[in-house]
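Biologist: I would like to learn how to read a model like this one. Can we take it feature by feature?

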Protein chains: 2
Amino acid sequence: MNFPSKILEKAVEEISGLPGIGKKSAVRLALYLLKQPQSQGIVLGEAIKKLVSDIKYCKVCHNFSDEEICEICAHHNRHDELLCVVEDVRDVMAIEKTGQYYGKYLVLGGKLSPMEGIGPQQLRIESLMQKVENGLVKEVIFALSATMEGDTTVYYLYKKMKHLPLNFSIIARGISVGDELEYADEVSLGRSIRNRQTYDGAS
Amino acid sequence: MNFPSKILEKAVEEISGLPGIGKKSAVRLALYLLKQPQSQGIVLGEAIKKLVSDIKYCKVCHNFSDEEICEICAHHNRHDELLCVVEDVRDVMAIEKTGQYYGKYLVLGGKLSPMEGIGPQQLRIESLMQKVENGLVKEVIFALSATMEGDTTVYYLYKKMKHLPLNFSIIARGISVGDELEYADEVSLGRSIRNRQTYDGAS
């Protein structure tokens, strides 16, 4: 494409670097921004810069955070004896949205997947072990995707922790097998958190 | 959605303000940026801010430009006697991409469309008249969409200019009726510029 302006070309190039946005869509978005009040583009650009510059990861649970320790970990009303293990930050957001959970989280950073080269070293298992060994946690809730990799990860983690004086549970499979957590509807996901089942490795 | 971070929430809010990008996609894009090297987000944010702050419109043809007068209008090798009338900046880009045109442009800013409330006052017809009355232009090439509104606009403009000593042509309808210019393939569009036909209002 021949761009009438280097500034436009640069913006299109950067926008089309985002996943799922091709060159034509990028041109469309850039021209859209040029038709809006200037402030919209300024605020958008600033928000993106701030996002990648200023966001932190909670030192305790590895959730995104504006501070060293995230709002959930720092909240005095959240129950320390409940620890919900999830794959991803998006899963924390999905569970928080249900309003059915008052414990804490640990974000694993993925699930075991030999196909994608993700082994235990790539997950935040050391953080999880630190957390459960401190004596405050009474119940570990597995809230991973209802897929083969999810189930394998749950079993692996259970075996690592089962010598500890902990109860284990897994969110109820109200969500259909094969589903990714983040796409479940709030009601099903909320129910599956409430109806979590004791986990003994046999499932 | 419950966001673990105000910074993330703000970024998602702004990204989802773009057309065709919902909240879920915005979260996905934000998390994608957080997984990339920080510089990508910085450069993207800066490019967007620069886009809406620094881009100018060419005073002569209304194309986007980094200067007061765009590269095409300022170029000494472009023929002043050819003037191609297009609806939109995207159409200039599309025609430039064919490499088949060496004249100048005038960007109308749309086409007559009573349904959308676009009348002659909303288009840059005054600029067009100034341009054709200066005596340099010998041929006006209509390169508008092959739609009813496009044809109506061509006819309107032709009637306004036909008293002047000008030749009129219209790009060959190698592109199928009902097509928008910007979606035509380069070869057809290039051919339709080369094979432009004399226009006498009867067409």
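Biologist: How far apart do the end C-alpha atoms of residues 58–73 of chain A lie?

Modeller: Keep in mind that this is a predicted model. Those end C-alpha atoms are 8 Å apart. The span is 19% helix and 12% strand. UniProt, in an unreviewed entry, lists residues 58–73 of chain A as "zinc finger region: C4-type".

Biologist: Now the two chains. By what turn can chain A be laid on chain B?

Modeller: The general idea is that two copies of a chain are related by a rotation about an axis and a shift along it. Here the turn is 180°, with a shift of 0.0 Å along the axis and an RMSD of 0.0 Å. The two copies are thus related as by a two-fold rotation axis.

Biologist: Which residue of chain A comes closest to the rotation axis?

Modeller: That is A:Gly45, with its C-alpha at 1.9 Å. As for the interface, 100% of the interface residues of chain A are also interface residues in chain B, so the copies meet through the same surface.

Biologist: Next, the sheet. What is the strand order in the open sheet of chain B?

Modeller: Strands of a sheet pair through backbone hydrogen bonds, either parallel or antiparallel. In chain B, 5 strands run in the order β4-β3-β5-β6-β7, with mixed pairing. Strands β3 (residues 79–86) and β5 (residues 139–142) of chain B pair in the parallel sense over 4 bridges. There, B:Cys84 stands opposite B:Ile141.

Biologist: Which strands does helix α6 of chain B lie across?

Modeller: Helix α6 (residues 125–133) lies across β3, β4 and β5 of chain B, at about 160° to β3(B). Helix α5 (residues 89–98) of chain B lies across β3 and β4, at about 160° to β4(B).

Key. Residues are numbered from 1 along each chain as its sequence is written. Chains are lettered from A and ligands numbered from 1 in the order in which they are written. This is a predicted model: local features need pLDDT of at least 70, side-chain atom pairs count only at pLDDT 80 or more; totals for chains, interfaces and linings use all residues. Side-chain values use heavy atoms; hydrogens and water are left out. UniProt positions are given in the numbering used here, feature names are shortened, and annotations may be inferred rather than shown by experiment. Helices (H or I, at least four residues) and strands (E, at least two) are DSSP runs, numbered from the N terminus. Copies are superposed by least squares on the C-alpha atoms of residues with pLDDT of at least 70 in both. Contact means heavy atoms within 4.5 Å. Two strands pair if DSSP finds at least two bridges between them. Axes are lines fitted to C-alpha atoms, for helices over the stretch in contact, and angles run from 0 to 180 degrees between N-to-C directions.
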